[in-house]
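Have a look at the sequence and the model first, then read on.

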Amino acid sequence: MTPSPFQLERYFAVHEFTARYLLCSSDPESMSITDLLAFEPGSMEGLGRLRLGYTEYPGAPELRQEIATLYKSIDMENLIVHTGAQEAIFSFVHSMLKPGDHMIVHMPGYQSHYSIAEAAGVSVSPWLARESEDWALDPDELETLVRAETKALLICAPHNPTGYLPERERFDAIVEFARRHGLWLFSDEVYRGLEHDPAARLPAACDVYEKAISLGALSKSHGLAGLRVGWVAARDRNVIAAMSTFKDYLTICNSAPSEYLASVALRHTGALIERNTSIVRNNLAILDTFFARHREILEWRRPSAGTVAFPRLKRGDAERFCAEVLEHTGVLLLPSTLLEYGNEHFRIGFGRRNMPEVLQIFDNYLREHGSK
Ligand SMILES: Cc1ncc(COP(=O)(O)O)c(C=O)c1O
């Protein structure tokens, strides 16, 4: 069965390249190839010399060696690189789950976390974040969701769209639940590294649990979404073998120039992430003031990690609100209807350098129309 349309992507297909101002993007500030290669003398010449043949199916060894340095218990044989995190999610579901299986999924969330599984005949139970507790997950609830057919638990931390990051104790309780029931723990960690307080960073799930699959990418923390480089890291080599076999029917191997650029980026992970977290921290301080000013109509739950948050509109409906803001100002927000979470919230993105200017346009609009 074909998965139901990816609503967020269909919305971006219409607006991302036509809206004057983006204020809901989850990918932070990107950079040019020249700026990226400036981190490493000689790399521009290296790119010019690169041969454009097929590359090794799990990802170039040089690239996998760099990715492995992000983990404690992973070497290059425990990794498979994909065309973005998105391809890896698709491949995991089709390689490791079968019709009739059941999966518990952290929600509200990224639609491919559940729509791909549903289309593959896997039943999905939402594990709902608790808004009143700053979007916290309650590990005790998991025992009420698990069934005999449950094969996997999917979490996303740091979370899109709420910016929630569990504390270590809660994360350990989630891992313990997965271990107790022998479940795959598919852990979407594409925003890992963008914790607003670096001390809050969680270990990668694959480093603490033998049946965890950690999903990583260069799209978010490194700000290089156009490279289309994502991967899974898993201690269980059967996962890597099954996903490799499936990848033969997807992209076969990755783009050679992207693999080269990705290797350079990974050698400068610290600098790239620092660049993005400093943009995020600066923007968050501005958002705090903005939401305090508009507290009569907007409810702000400050995120703890990543580039997005999910404020609530205290009156009116989010879809209409976002459409009106776009029409009057050219500022693009993302209504919660597209994330299948009622009609009261919208996603706001704060990873871009121009956020203060775009927010000012939104602010002016609210000052004029906010009380209506
Ligand atoms: C939580 C989450 N997972 C996966 C992806 C897909 O990432 P990529 O662009 O690397 O395919 C996104 C993109 O927005 C995301 O937010």
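How far apart do the end C-alpha atoms of residues 45-350 lie?

## The annotated span

They lie 34 Å apart, and the span is 38% helix and 18% strand. UniProt, in an unreviewed entry, gives residues 45-350 the feature "domain: Aminotransferase class I/classII large"; such annotations may be inferred rather than shown by experiment.

## What you're looking at

This is a predicted model, where local features need pLDDT of at least 70 and side-chain atom pairs count only at pLDDT 80 or more, while totals for chains, interfaces and linings use all residues. Residues are numbered from 1 along each chain as its sequence is written, and side-chain values use heavy atoms, with hydrogens and water left out. Helices (H or I, at least four residues) and strands (E, at least two) are DSSP runs, numbered from the N terminus.

## Around strand β5

Take β5, residues 150-156: six of its seven residues are buried (under 20% relative accessible area, 1.4 Å probe, protein chains only). Strands β3 (residues 102-107) and β5 pair in parallel over four bridges, with pairing needing at least two DSSP bridges. Methionine 103 has alanine 152 in β5 as its bridge partner.

β5 also runs parallel to β6 (residues 184-188), joined by five bridges. Here cysteine 156 partners aspartate 188 in β6.

## Two helices side by side

Now for α12 (residues 269-293) and α14 (residues 355-369): they pack at about 5 degrees, axes 11 Å apart. The axes are lines fitted to C-alpha atoms over the stretch in contact, and angles run from 0 to 180 degrees between N-to-C directions. The two helices are therefore roughly parallel (angles under 35 degrees).

Among the residues that meet are Ile286, Leu287 and Phe290 in α12, and Leu359 and Phe362 in α14; contact means heavy atoms within 4.5 Å.

Note on methods:
Parallel < 35°, antiparallel > 145°, perpendicular 65-115°, else oblique. Buried < 20%, exposed > 50% of the residue type's maximum accessible area, 1.4 Å probe, protein only.
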